[in-house]
Amino acid sequence: MKALKKIISLLLWLFIFYIILNFLIIHFFPIRYEKEIDRVSEELNMDKSLILAVIKTESGFDKSAVSSKRAMGLTQVIPETVLFVSQKYNIEVGVNEIFEPYTNIRVGMLYLKNLIERFGSTERAILAYNAGPSVVKKWIDEGLEKFGDNYDWVPYKETRNYIKKIEKSRRGYEALLSIDYRAPEIFHDYYKKIIKFAKSIKSLDFISDKGENR
């Protein structure tokens, strides 16, 4: 009887661990629009984990995201970038099309690939994707670039944090893709409900705080 209780207890803890693990995977390394990402990865011969890391860092997989700097969609491309890519690669991108996952990912990754070819390294290209190619070229020309110092040489704090986030996310996605694991869809549904509930609680606290401060 005691042995049975231990087995049941162990199975229960394993099940709890399984649930927590899937929620953590969804939170820290979400994977959405995978068909579109796979298509772009294959077409452009680009690393899938890099594409995932850029999207996670740029928009958190929000295809409707628009920043204060007019950056749009999953890869947060600005109108000037869209124009550059469309002219260089002779592709047409409509105003509303840029929010379509495949189109947005393709435009963003064509631009990133162009930066990789231009600067000769993925690391420099990631810096340029955030700070702008002319800015990064200036840093390199001024001899600011150093290797092995955790990007402390990068003058912009935002860009330093940006490339660190990209590389951390990329390592996580590489590990996840190497075991070919995806959290079951049911966990995604519950995760959305939990986040929605947490936001509603937070908004209620905000309203309460405002009332107390009057």
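Is K48 buried or exposed? K48 is buried, with a relative accessible area of 14%. This is a predicted model, so side-chain atom pairs count only at pLDDT 80 or more.

1. **K48 and its partner.** K48 forms a salt bridge with E34. The closest N and O atoms of the two are 2.6 Å apart. This pair links distant parts of the chain. E34 sits in helix 2 (residues 34-44), and K48 sits in helix 3 (residues 48-59). They are 14 residues apart. E34 counts as partly exposed because its relative accessibility is 23%. K48, at 14%, is buried because the limit for that label is under 20%.

2. For the model, the count of salt bridges comes to 10.

3. **E145 and R124.** The side chains of E145 and R124 also meet in a salt bridge, at 2.7 Å from N to O. Here too the pair links distant parts of the chain. E145 is in the loop between helix 7 (133-141) and helix 8 (157-178). R124 is in helix 6 (residues 122-131). E145 counts as buried because its relative accessibility is 18%. R124 is partly exposed, with a relative accessible area of 23%.

4. The side chains of E174 and R170 meet in a salt bridge, at 3.8 Å from N to O. Both residues lie in helix 8. They are 4 residues apart, about one turn of the helix. E174 is partly exposed, with a relative accessible area of 39%. R170 counts as partly exposed too, at 22% relative accessibility.

5. **N22 in helix 1.** Look next at N22, found in helix 1 (residues 2-28). What is its relative accessibility? The value is 0%, so N22 counts as buried. Which residues is N22 in contact with, leaving aside its neighbours within four places in sequence? They are Y181, A183, P184 and F187.

6. **Points to check in the viewer.** Start with E34 in helix 2 and K48 in helix 3. Next, find E174 and R170 in helix 8. End at N22, and look for its contacts with Y181, A183, P184 and F187.

Methods:
Residues are numbered from 1 along each chain as its sequence is written. This is a predicted model: local features need pLDDT of at least 70, side-chain atom pairs count only at pLDDT 80 or more; totals for chains, interfaces and linings use all residues. Side-chain values use heavy atoms; hydrogens and water are left out. Helices (H or I, at least four residues) and strands (E, at least two) are DSSP runs, numbered from the N terminus. Buried means under 20% relative accessible area, exposed over 50%, partly exposed in between (1.4 Å probe, protein chains only). Contact means heavy atoms within 4.5 Å. A salt bridge is a side-chain nitrogen of Lys or Arg within 4 Å of a carboxyl oxygen of Asp or Glu.
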